[in-house]
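Please open the model in a viewer and keep the selection tool at hand.

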Amino acid sequence: MGLEEKLPSGFLLTTVEQAAGWVRKASVFPATFGLACCAIEMMTTGAGRYDLARFGMEVFRGSPRQADLMIVAGRVSQKMAPVLRQVYDQMPNPKWVISMGVCASSGGMFNNYAIVQGVDHIVPVDIYLPGCPPRPEMLMDAILKLHHKIQNSKLGVNAEEAAREAEEAALKALPTIEMKGLLR
Amino acid sequence: MSDANGTNGVNPEKDLGASNLPGQRGEGGEEIRVQRGMFGANNGGDTSGYGGLVRSVRLPGPATRPYGGWFDEVADELEGALEEQGLVPENVIDRTVVDRGEMTFHIEREYLVAVAQTLRDDPALRFELCTGVSGVHYPGDKGRELHAVYHLRSITHNRLIRLEVSAPDADPHIPSLVSVYPTNDWHERETYDFFGIVFDGHPALTRIMMPDDWQGFPQRKDYPLGGIPVEYKGAQIPAPDQRRSYS
Amino acid sequence: MSTPNPSPGHHPSSSPFGTTSSMAAARETTEGAVYTVTGGDWDEVVETAARADDERLIVNMGPQHPSTHGVLRLILEMDGETVTEARCGIGYLHTGIEKNLEYRTWTQGTTFVTRMDYLTPFFNETAYCLAVEKLLGIEDQVPDRASIIRVLLMELNRLSSHLVCIATGGMELGATTIMIYGFRDRELILDIYELITGLRMNHAYIRPGGLAQDLPPGAVDQIREFVKKMKKNLPEYDKLATGNPIFKARMQDVGYLDLAGCMALGATGPILRSAGLPHDLRKAQPYCGYETYDFDVPTADSCDSYGRFLIRLEEMRQSLRIIEQCLDRLQPGPVMVADKKIAWPAQLALGPDGLGNSLDHIKKIMGTSMEALIHHFKLVTEGFRVPPGQAYAAVESPKGELGVHVVSDGGTRPFRVHFRDPSFTNLQTMAAMCEGGQVADVIVAVASIDPVMGGVDR
């Protein structure tokens, strides 16, 4: 039927990283971190029509200690920021963060005293998801992209090296204001 | 656009002296702002040639009797009830404004609780539902900068009135209405949080929206919006309160 | 002020300020008077706490808890399983929308207010627009078609809001089936929103003076289709929940608040009606022509969560009735006031890159009429002026009285906008409903209040 039928002698070679990534990406447990409008769309994604269960992710964990993905769904206020960080710290490693919606990603239209201008001031973000609020399809796309990222993540020394490379690249990167071209 | 001087689209017969033009609504109300120039450009020059124009902006002034409709009835009842309590209505009610089909009593702050109690308990008034406090900060209204605005609804008589109380910035104290309308508990905390109006007699006047250690009262006019400039490719847009604007 | 180490030999009576209290002695330093707080007060507090019952617990529920309806923090003092004191901590979603509005034009305001209570966007927009129209003095000039579409959208919104309330309320009880049902039906309504406004949530469709644009072709048919489907779906909630013994056991006599309590605490909406008072602003102070529609205001006399649930179900049926009447009344016509000084200059049209200014309009202002271009530019960038004064407009949102107090200083931007959100006021009743009950009932009571934190904190 599938791939396993065609294997020459019943086994398949892969790397430990790929195997671990494959296992990890298939069982991501999101923590419920609904804040505002996006939380409603997040719930919709889990409900009937969009059915997040297709990707093995419909079980939102109430406790951060059982979760490894935080979907920050909505605007983060200055009062909520310490709470958010504490919840993040309570999650076991490895963990990922999706910043859902413009408010969580950059403060969005609420450029004022009350809102943290981007949740990446508080926690490291893996996927920024635009939209106000993003459609459920967009959230699913973000989740699939995150799956891809988890699948291809490195382990051990390789992970350290990848992190170093990413940091160097980020330090060398051109600041947004010095970029030219279309606004995208 | 709807300036008195504008000609495009204004029907002179209909609009001349129309009450909906800015700065035209009576001279009796409080002066809250002085507008300079034609467009009220805050930063950046006024190139219209009307840069020297100075107009004062006033809120609608006090109304004279008859107020019309049930407004007279409410005013009579309130004044009568206050007299029964030995209060002089003229001392209690600073002014009565009828504007846009709404009635506003400006109350001297020391009598606020007595007035609210009367409005709630008098069977002919019976304003049993208070829809909370809305603070307004008028930095241009000298000596009466902070206003607390209460909307009272009478389900019995199907009426809505507004009470307005003011306090100077230097002495931001207004008596609390929690004893009369317990629903004002959170509303007064919110107004304290945002405007720094101290409601004397409130059971636990603490911040409700902002973190407990927040400095300042964020919705006052002298508190900046607090936005940050937004960067794009090759461009930067200042925060909304720092941009060139018209008012 | 206090110092951890008061100078030895210091005595209250030696204070230069003559402080005689033994609790707070004062002493002069280079930086002014320093008060040393001592005394028996704290010993007493500690002793009382030590003597207290072992079962006494303070539990912090939230602000991040799956059953608290968003970022609500409940502080519960419990004796075993019984809640002896309950308090709310709010403000975790405070967004400063009211302040932000003061830096945008009156028309841009709808974009902000729609995000306040994100489950009732059309109510926020309508209330705000009614208040602005009152300030402008153009209430009578709003075209009929615009008012009818406003009512239509508000009633659709009442359905979707109540559906979410029942869905999440059920989920918090552990009845996940109801949640799946609720969101299934809400999707149908969101499809209609998307067709009409282009967005599933946060529409900014209702504008001061009318609507952003007219209904698109096919909208009326789709709404009729929806009403038909919904009439079939609504009884499923009855079958599933009404009279269900488990459901009733969890909800009956829970979250009890009688009429006196409702009035004192300012509760409106289903909470007030569950205490038996048929107060509904749509009947009492009609707006948008509600006096001409035929509908009933359901009440209950049980004062409890179950009563509120039944009221919400019945209100959904009444909303369907109103929607049908709206559809029958729709006549072609304008959806924006005729006054070109207020009406948005362009009608929107769908282009290859989404909704935007209609190409015909751009062709006109760019090609033929310089005055029209200036007018468009001025109205869009500067906005219209609103005469100074203040106004209060209230609508009956699914949660209760949604009041908007707007103040204008004669400028192109609001001077102050305050939303009296029903969720905020109704949430105050939480303590009265929960104290003395079981901790599991707190969830039921809060779900029956249906607070939306976006509205509470704004």
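Predicted model: local features only at pLDDT ≥ 70, side-chain atom pairs only at ≥ 80, totals over all residues.

Residues are numbered from 1 along each chain as its sequence is written, chains are lettered from A and ligands numbered from 1 in the order in which they are written, and side-chain values use heavy atoms, with hydrogens and water left out.

**Chains B and C**

Select chain B and chain C: 68 residues of chain B are in contact with 57 residues of chain C (contact means heavy atoms within 4.5 Å). The buried area is about 5400 Å², that is, the accessible area (1.4 Å probe) lost on putting the two parts together, summed over both. Carbon and sulfur atoms give 56% of this area.

Next, display the side chains of C:Arg458 and B:Glu190, which form a salt bridge at 2.3 Å, N to O. The rule (a side-chain nitrogen of Lys or Arg within 4 Å of a carboxyl oxygen of Asp or Glu) finds 5 salt bridges across this interface.

**Chains B and A**

Now select chain A together with chain B. Here 22 residues from chain B and 14 residues from chain A take part in the contact. The area buried between them is about 1500 Å², with 62% from carbon and sulfur atoms. How many salt bridges does the rule find across the interface of chain B and chain A? The count is 0.
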